[in-house]
Amino acid sequence: MVEVRFVQGNEACALGAIAANCRFFAGYPITPSTEIAEQMSILLPKYGGSFVQMEDEIASAGAIIGASWSGMKAMTATSGPGISLMQENIGYGFITETPIVIINVQRGSPSTGQPTMSAQADMMQARWGSHGDYEPIALAPSSVQEFFDFTIKAFNLAEKYRVPVTVLADEVVGHMREKLVIPDDIEIVARKRPEKVDGQYLPFDAPECGTTPMPAFGDGFNIHVTGLTHDERGYPDTNDPESHTKLVERLCNKVLMNRKDICSVKKELCDDADIVIVSCGSPYRSVGAAIKKAREEGIKVGSLKIDTPWPFPEEEIREIAKTAEDIIVPEMNLGQMVHEVERVAAGEANVHLIGKIGGILHKPEEILAKIKEIKG
Amino acid sequence: MAKQENPYKKYLREDRLPHIFCPGCGNGIVMNTFFKGLEGTDIDFDNIAMVSGIGCSSRVPGYVKCDSLHTTHGRALSFATGLKVGNPDLDVVVFTGDGDAASIGGNHLIHAARRNINLTVICINNNIYGMTGGQISPTSPKGSFGTTAPYGSRDLPFDLAELVSAAGASYVARWTTTHPIQLSKAIQKGLENEGFSFIEVVSQCPTYFGRKNKMKTPLSMHQYIKENSINKRRAEKMDESELEGKIIVGEFTNKPHKELSANIKELVEENSNKGLAIKSAFEELD
Ligand SMILES: Cc1ncc(C[n+]2csc(CCOP(=O)(O)OP(=O)(O)O)c2C)c(N)n1
Ligand code: SF4
Ligand SMILES: [Mg+2]
């Protein structure tokens with residue numbers, strides 16, 4: 001039965017995780033993400049799952065990776081300082097191809113910054129935060145409903161590609177209350193156990209979509225999992241340049257080659273638009289009103305909302321750059337995703353940033369002012 | 001005479017040999033005592049999962065033919081916590097070093113002990129950072145030399161067995177590589193204890209600790225460790241000055257109490273709505 005509720009974004013995230021069959025949560029309290037941990041501590045025991053409040057975020061990231069190898073879908077949630085602490089273990093998640101979900105409810109930063117205020121200051125950190133070459137997957141919700149939906153999607157992508165997935169929320173989406181519709185036919189990707197062929201299973205081989213099914217510890221495959229560069233068996237192989245290249249390229253390609261499956265954007269009124277507003281996460285909330293006013297004044301403006309900042313939806317942005325003259329990028333930072341838009345637009349359209357920090361969302365008028373400035 | 005086959009070879013990933021340990025390193029002795037301790041228990045080897053951090057000591061699980069998670073430096077206990085709570089039926093064993101467990105992982109160590117999570121932790125304490133080439137560690141004796149203590153360490157070292165006991169572990173023992181019998185017995189007890197078991201093994205790194213501290217051969221390190229070990233019962237009757245530079249060996253704690261994963265399991269049993277309980281990532285709710 002479809003259920004309709006009125007909930008806080010962080011609560012919707014926890015409900016989404018439970019719906020996706022997450023049964024392990026490890027975390028450390030931090031504003032503005034704490035309600036997710038609190039909700040998980042209430043919900044998990046009821047659903048047969050485990051909640052552990054760890055001693056810090058480094059431990060939390062480690063614990064969810066350990067739990068994932070125990071055969072559980074596992075998640076943590078944090079913000080600014082906490083996500084910085086998790087970076088090394090997130091990188092471990094990439095190289096060991098461990099499905100985990102990390103929720104980052106972004107807040108004003110750097111450092112302790114503005115605990116209770118919103119920001120999108122970690123967009124690039126989600127891309128490059130851990131050392132090394134890797135291709136992350138990240139989803140950015142703009143509403144309570146999307147926080148629920150994208151958390152489920154994050155688990156599905158994590159399982160499908162055996163990769164850490166981040167939900168890049170922010171304080172606005174985390175703390176607001178809105179209507180949430182919980183459908184009764186949610187698509188859930190279950191983990192696939194590898195087939196048992198005597199001694200022949202290679203846990204780090206790549207037959208399907210760039211990766212291979214993973215067993216749980218205790219299943220009898222006796223596998224070795226290491227953060228060192230390894231071969232298909234999982235055995236360290238750190239001095240051969242070819243082995244390293246092969247592994248890291250495969251890890252990147254399993255995401256890049258599946259862009260079509262992973263990337264998601266929402267296009268509105270783009271067909272005739274001279275100006276397209278490319279937004280991601282919360283700023284999208286002000287885009288509709290700005291477009292309506294602009295269109296009332298005869299300016300043809302459209303919207304492209306990026307659901308998945310990573311991998312960056314290059315094809316979709318490239319297309320927009322061909323048809324529109326100008327692209328406006330409102331972001332709650334001093335310019336991060338705008339560089340990606342510029343890179344992909346490659347001069348085909350003029351790219352304008354509306355960077356805003358301090359913690360308050362863009363108002364529709366601020367976007368409208370930029371539209372008029374361009375047209376003026 | 002025919003070369004004697006190591007009786008524990010069956011537990012090894014033979015396709016990963018030879019190992020990386022230097023000749024005379026204590027890690028091999030600890031591995032053997034672990035297998036001996038394991039064989040003293042009812043535990044099925046197939047039910048063992050191993051977790052380690054980074055360091056020479058943390059390389060041990062990679063040679064054992066079981067599921068093994070070689071994690072990040074200092075964090076083995078965090079990963080092991082998730083693994084054990086996720087599947088409390090596994091017998092989880094952690095291999096770590098003095099740097100891994102007590103320096104970068106010190107916070108995880110005291111919290112895992114506080115939670116009394118059912119893990120068996122074997123900490124190979126060679127008083128030095130072996131893997132990175134001989135820098136001092138939080139257990140390096142005052143006055144000992146390392147590549148980052150060229151004039152001798154001035155810091156007071158941690159007493160790991162006391163530290164972990166104070167933090168709440170239910171089983172704690174310290175032995176050395178010169179006490180293989182007592183050590184394997186302690187490992188056996190640790191494996192059998194349902195709670196956080198910490199076995200500190202004072203070991204030799206002839207390559208770095210030995211070379212920097214005028215004990216170039218494995219034998220001289222062995223002698224040094226043996227001569228300086230004092231049983232806990234005897235040590236209790238000695239004063240501080242007599243104990244300076246001594247390695248106190250024996251059982252430090254043996255006080256079983258409820259452990260974390262059992263506590264969580266109980267909480268879940270009391271609260272879960274059976275129809276909604278999903279047990280793993282492999283299942284689908286229909
Ligand atoms: C975050 C991080 N910092 C530093 C290192 C480098 N490092 C690798 S092993 C090691 C010390 C290991 O010492 P110990 O745990 O005592 O192990 P041993 O080699 O002596 O057995 C260090 C500092 C690392 N791998 N990761
Ligand atoms: S460096 Fe020291 S601890 Fe490492 S393998 Fe060699 S002897 Fe053992
Ligand atoms: Mg050491």
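This report describes a predicted model with chains A and B, from overall size to single residues.

## Ground rules

Residues are numbered from 1 along each chain as its sequence is written, and chains are lettered from A and ligands numbered from 1 in the order in which they are written. Because the model is predicted, local features need pLDDT of at least 70 and side-chain atom pairs count only at pLDDT 80 or more, while totals for chains, interfaces and linings use all residues.

## Chain A overall

Chain A holds 13 helices and 15 strands. Both are DSSP runs numbered from the N terminus: helices are H or I with at least four residues, strands are E with at least two. The C-alpha atoms of chain A fill a box of roughly 70 × 45 × 40 Å, taken along the principal axes.

## Two helices of chain A

Helix H1 (residues 9-19) of chain A packs against helix H6 (residues 144-161) of chain A at an angle of about 30°, with axes 8 Å apart. Axes are lines fitted to C-alpha atoms, for helices over the stretch in contact, and angles run from 0 to 180 degrees between N-to-C directions. H1(A) and H6(A) are therefore roughly parallel to each other. Angles under 35 degrees count as roughly parallel, over 145 as roughly antiparallel, 65 to 115 as roughly perpendicular and the rest as oblique. H1(A) passes H6(A) in a right-handed crossing. That term applies if the near helix is turned clockwise from the far one by less than a right angle; anticlockwise is left-handed.

Which residues of H1(A) meet H6(A)? They are Gly9(A), Ala12(A), Cys13(A), Leu15(A), Gly16(A), Ala17(A) and Ala19(A). On the H6(A) side are Val144(A), Phe147(A), Phe148(A), Asp149(A), Thr151(A) and Ile152(A). Contact requires C-beta atoms, placed from the backbone, within 7 Å. By class, this helix contact has 9 nonpolar, 3 polar and 1 charged residues. Ala, Val, Leu, Ile, Met, Phe, Trp, Tyr, Cys and Pro count as nonpolar, Asp, Glu, Lys and Arg as charged, and the others, Gly among them, as polar.

## Turns and loops of chain A

Strand E5 (residues 100-108) and strand E6 (residues 114-118) of chain A run antiparallel and are joined by 2 bridges. Two strands pair if DSSP finds at least two bridges between them. Gly108(A) has Gln114(A) in E6(A) as its bridge partner. The two strands form a hairpin with 5 residues between them, and Ser111(A) in the turn has a positive phi of about 55°. Pro110(A) also lies in the loop between E5 and E6 of chain A. A cis peptide bond joins Ser109(A) to Pro110(A), with omega about 15°.

Trp310(A) to Pro311(A) is a cis peptide bond too, with omega near -5°. Pro311(A) sits in the loop between strand E13 (301-306) and helix H11 (314-323) of chain A. Asn21(A) is not a glycine, yet has a positive phi of about 75°. Asn21(A) is in the loop between H1 and strand E2 (22-27) of chain A.

## Where the chains meet

In the interface, 43 residues of chain B are in contact with 47 residues of chain A. On the chain B side, the elements giving two or more residues are strand E2 (67-70), helix H2 (76-86), helix H4 (106-115) and helix H11 (260-271). H2(B) gives the most, with 8 residues. By class, the chain B side has 17 nonpolar, 18 polar and 8 charged residues.

H2(B) and H4(B) also pack on each other, at an angle of about 35° with axes 8 Å apart. Leu77(B), Ser78(B) and Thr81(B) in H2(B) meet His108(B), Leu109(B) and Ala112(B) in H4(B). That contact divides into 3 nonpolar, 3 polar and no charged residues.

## A sheet across both chains

Strand E10 (residues 224-226) of chain A pairs with E2(B) in the parallel sense over 3 bridges. Val225(A) has Leu69(B) as its bridge partner. These strands belong to an open sheet of 9 strands with mixed pairing, in the order E10(A)-E2(B)-E1(B)-E3(B)-E4(B)-E8(B)-E7(B)-E10(B)-E9(B). The edge strands are E10(A) and strand E9 (229-231) of chain B, each pairing on one side only. The twist averages 20° from one strand to the next.

Strand E7 (residues 171-176) and strand E8 (residues 197-202) of chain B pair in the parallel sense over 6 bridges. Trp175(B) has Val201(B) in E8(B) as its bridge partner. Helix H8 (residues 218-228) of chain B packs on the sheet, touching E7, E8, E9 and strand E10 (247-254) of chain B. The direction of H8(B) makes about 30° with that of E9(B).

Key
Contact = placed C-beta atoms within 7 Å.
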